[in-house]
Amino acid sequence: MTGDAQRVVLGYWAIRGLAQPIRMLLKYTKTPFDDVRYHQGSGPEFSCDEWLKVKETLQLDFPNLPYLIDGDLRMTQSMAIILYLAEKHGLAGDTPKARAMINMVANEIADARGKYTGLCYNPQFHHLKDALIENIPNILKRFETFLKHDWICGPSITYADFLCYEMLQQYSTLNNQCLKRFPRLSAYCQRFESLDEIRKCMSEPDFIRTAFNNKIAQFGSG
């Protein structure tokens, strides 16, 4: 479980979910890491035992998924994890103003993602999905307008781009044509996927393609 002392350990469910932007940032920065994946059981129980049996053994102050172990640092909370890694690798902005804008956009992306995730896990998904699908253009148009450079917060890639790309992929599962009316966002996704390390990551056999949510979700569990 602890892995090589020089390797980061990232633990999460065997889905994309909250951890996929972190995984891709680690790949992009060529950070050696152990990608520990926990599997949820099938229904109707949807057991979490694989995670629960180790949850209290990892010396985490606030045990949860995802978690990151980097040397003597053991932390949880996905936004805190990706921000830590971004600061470590120079992907969090180099001035207070830049950092403020990047953090603002990251939180806007999290809000947009929350609408998708909340719907997917809602037992009333099939009654509610049409309303969100109709609202996707309103959600994405602000990001289309804001995107004025190669990357969401300017000419240089930041951690917000890993969050943004994943959010756009999530909405595309609800409507695979949703980006067609947004040429900047469409080109942006292609640009992201063309990055050498991202392209390599996406070609790996263990790359998670369709499981955006866990098995208990109403939609997007692969």
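**Pockets, a helix crossing and some backbone details**

I will start with the second largest pocket, which has a volume of about 210 Å³, where a volume is the space filled by probe spheres set on grid points that are joined across faces, edges and corners. Please keep in mind that this is a predicted model, in which local features need pLDDT of at least 70 and side-chain atom pairs count only at pLDDT 80 or more, while totals for chains, interfaces and linings use all residues. Residues are numbered from 1 along each chain as its sequence is written, and side-chain values use heavy atoms, with hydrogens and water left out.

A pocket here is an open set of points on a 1 Å grid over the protein atoms alone, where a 1.4 Å probe fits, with protein on both sides within 12 Å along at least five of seven lines, and its lining residues have an atom within 4 Å of a point. The lining of this second largest pocket consists of Met-104, Val-105, Glu-108, Asp-111, Ala-112, Lys-115, Ile-139, Arg-142, Phe-143 and Phe-146. The elements that give two or more residues to that lining are α4 and α5 (125-146), and α4 gives the most, with 6 residues; helices are DSSP runs of H or I with at least four residues, strands are runs of E with at least two, and both are numbered from the N terminus. By class, the lining has 6 nonpolar, no polar and 4 charged residues, with Ala, Val, Leu, Ile, Met, Phe, Trp, Tyr, Cys and Pro counted as nonpolar, Asp, Glu, Lys and Arg as charged, and the others, Gly among them, as polar.

The largest pocket has a volume of about 320 Å³, and of the 20 residues that line it, Ala-98, Ile-102, Cys-153, Gly-154 and Pro-155 lie nearest its centre. Here too helix α4 (residues 96-120) gives the most to the lining, with 4 residues, and the classes are 11 nonpolar, 6 polar and 3 charged.

Thr-158, in the loop between α5 and α6, counts as buried at 7% relative accessibility, where buried means under 20% relative accessible area, exposed over 50%, and partly exposed in between, with a 1.4 Å probe and protein chains only. Leaving aside neighbours within four places in sequence, Thr-158 is in contact, that is with heavy atoms within 4.5 Å, with Leu-91, Ile-102 and Cys-153.

Next, the helix crossing. The axes of helix α6 (residues 159-174) and helix α7 (residues 183-194) come within 11 Å and cross at roughly 115°, the axes being lines fitted to C-alpha atoms over the stretch in contact, with angles running from 0 to 180 degrees between N-to-C directions. The residues of this contact divide into 8 nonpolar, 1 polar and 2 charged.

Why is helix α1 described as largely enclosed by the rest of the structure? In α1 (residues 20-28), 7 of the 9 residues are buried, so the helix is largely enclosed, and the buried residues pack against β1 (8-13), β2 (33-38), α3 (78-88), α6, α7 and α8 (196-203). Just after α1, Lys-30 takes a positive phi of about 55°, and this residue counts as exposed at 60% relative accessibility.

Finally, two cis peptide bonds: one runs from Gly-43 to Pro-44, with omega near 10°, and another joins Leu-65 and Pro-66, with omega about 0°. Pro-44 lies in the loop between β2 and α2 (49-55), whereas Pro-66 is in the loop between α2 and β3 (67-70).
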